[in-house]
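Open the structure in your viewer and keep the selection panel at hand. The tour goes stop by stop, and each stop says what to select and what is there.

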2 protein chains.
Amino acid sequence: MAEDRDMPVIDLQDSGKRAALFERIRRDHSVEIAEDYVELIADLIETNGEARLVDLADLLGVSRPTVNNTIQRLQKEGYVESKPYRSIFLTDKGRAVAEHARQRHHMVLDFLHTIGVPADIAEADAEGLEHHLSEQTLDCLARATEALKKASGHGGNQS
Amino acid sequence: MAEDRDMPVIDLQDSGKRAALFERIRRDHSVEIAEDYVELIADLIETNGEARLVDLADLLGVSRPTVNNTIQRLQKEGYVESKPYRSIFLTDKGRAVAEHARQRHHMVLDFLHTIGVPADIAEADAEGLEHHLSEQTLDCLARATEALKKASGHGGNQS
DNA sequence: TCGCAAACTTAGCATAGGCTAAATTTATAT
DNA sequence: ATATAAATTTAGCCTATGCTAAGTTTGCGA
Ligand SMILES: [Mn+2]
Ligand SMILES: [Mn+2]
Ligand SMILES: [Mn+2]
Ligand SMILES: [Mn+2]
């Protein structure tokens with residue numbers, strides 16, 4: 001139970017191994033924006049019938065030219081399709097990514113709610129956390145969420 | 001228990017509120033590198049007596065000029081001090097950030113281990129997750145970790 | 001001590017992701 | 001039908017973060 005809280009977390013002996021972890025984080029970040037965009041686009045299409053650039057810009061809190069720029073990149077990378085001045089559609093690849101992103105988003109949110117994080121804060125944290133969870137960890141998280149739900153359901157206390 | 005897994009996670013009605021969440025993520029990302037650097041620098045100083053640019057570059061998996069560039073920015077922003085061609089030191093601000101980062105890193109890792117994530121994967125995921133947890137969520141996470149430890153300790157099963 | 005290797009810096013380049021201002025196209029309302 | 005408004009795009013700018021190649025400084029071994 002002695003939780004060496006002031007020891008390096010990091011193995012300074014094997015720099016190659018450590019470097020690989022940071023490389024994964026940099027990769028995660030490079031797909032993060034794609035994930036948020038396609039998830040929003042899927043939501044907009046389902047809710048409004050179409051995904052317009054102006055709505056994306058409002059939801060993301062960035063300027064319209066910024067969205068335009070990113071959409072062009074996402075189109076090059078095969079996530080979306082859109083003809084000039086028309087609204088935005090998902091490719092099969094984009095739809096798959098959106099579906100996956102949405103599931104993870106739900107799972108993270110469900111977990112945060114279960115451990116007692118207030119809804120607003122859970123929403124905020126989930127938006128960042130969702131992009132850094134491996135499949136393995138998602139599995140374990142789902143199991144832990146169920147375990148905690150069961151525990152508190154059967155008369156457990158958490159405060 | 002009907003977990004509407006194919007509903008938008010996102011409130012498309014209030015774009016201002018949603019935009020605020022993404023703005024926080026963008027802010028998180030802009031301090032993320034600072035956190036990883038100061039944490040590594042603290043570890044190197046404790047372990048080796050000094051933090052050298054070349055070791056940072058090896059551990060981070062980036063080139064030496066990249067580290068040089070970032071260190072100059074971190075110095076402007078008051079996290080580190082270093083005279084040309086000499087090794088790198090933390091300011092009080094840098095030390096505080098490093099300490100905080102290390103605690104979070106430990107907590108996330110402890111949690112991931114507790115829910116059964118293999119050590120390698122836990123290390124990898126923690127490196128990204130650690131930067132997106134609010135204080136509130138950290139609190140709840142610590143409590144959940146204890147609860148799960150207790151549960152499995154007292155003859156619980158998780159698979 | 002002095003020459004070479006290691007470490008660090010500078011210069012120059014690239015891409016991603018932001019911005020504003022201005023141009024262009026599409027949609028709407030009279 | 002046409003003027004105006006809204007939406008989208010382009011142009012031009014910025015910073016952060018990455019790179020390689022080349023220069024500079026430091027440190028060490030012979
Ligand atoms: Mn999401
Ligand atoms: Mn997100
Ligand atoms: Mn860390
Ligand atoms: Mn990290």
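The model is a predicted one.

Now show the two helices whole: α4 covers residues 92-114 of chain A, and α5 covers residues 119-129 of chain A. Their axes come within 9 Å and cross at roughly 140 degrees. How do the two helices lie to each other, given that over 145 degrees would count as roughly antiparallel? At roughly 140 degrees, α4(A) and α5(A) are therefore oblique to each other. The crossing of α4(A) past α5(A) is right-handed.

Stay on A:His105 and select the manganese ion (ligand 1). Which atoms coordinate this ion? The donors are A:Glu39 (OE), A:His105 (ND1) and two OE atoms of A:Glu130, at 2.0 to 2.5 Å. In sequence, the donor residues follow the spacing E-x65-H-x24-E. Two of them, A:Glu39 in helix α1 (residues 15-48) and A:His105 in helix α4, link distant parts of chain A, 66 residues apart. Are these two buried or exposed? A:Glu39 is buried, because its relative accessibility is 1% and buried means under 20%. A:His105 is also at 1%, so it counts as buried too.

Next, select the manganese ion (ligand 2). The manganese ions of ligand 1 and ligand 2 are 4.0 Å apart, and A:Glu130 coordinates both.

Move to chain B and select helix α5, residues 119-129. How many of its 11 residues are buried? Eight are, and the helix is mostly covered. The buried residues are B:Ala122, B:Glu123, B:Ala124, B:Asp125, B:Ala126, B:Glu127, B:Gly128 and B:Leu129. To see what they pack against, show α1, α5 and α6 (135-153) of chain A, together with α1 and α4 (92-114) of chain B.

For the last stop, select B:Asp36 in helix α1 (residues 15-48) of chain B. B:Asp36 has a relative accessible area of 7%, so it is buried. Leaving aside neighbours within four places in sequence, B:Asp36 is in contact with A:Phe22, B:Glu127, B:Glu130 and B:His131.

Technical notes: Residues are numbered from 1 along each chain as its sequence is written. Chains are lettered from A and ligands numbered from 1 in the order in which they are written. This is a predicted model: local features need pLDDT of at least 70, side-chain atom pairs count only at pLDDT 80 or more; totals for chains, interfaces and linings use all residues. Side-chain values use heavy atoms; hydrogens and water are left out. Helices (H or I, at least four residues) and strands (E, at least two) are DSSP runs, numbered from the N terminus. Buried means under 20% relative accessible area, exposed over 50%, partly exposed in between (1.4 Å probe, protein chains only). Contact means heavy atoms within 4.5 Å. Donors are N, O and S atoms within 2.8 Å of the metal (3.2 Å for Na, K and Ca); water is not among the atoms, so sites may look incomplete. Axes are lines fitted to C-alpha atoms, for helices over the stretch in contact, and angles run from 0 to 180 degrees between N-to-C directions. Angles under 35 degrees count as roughly parallel, over 145 as roughly antiparallel, 65 to 115 as roughly perpendicular and the rest as oblique. A crossing is left-handed if the near helix is turned anticlockwise from the far one by less than a right angle, and right-handed if clockwise.
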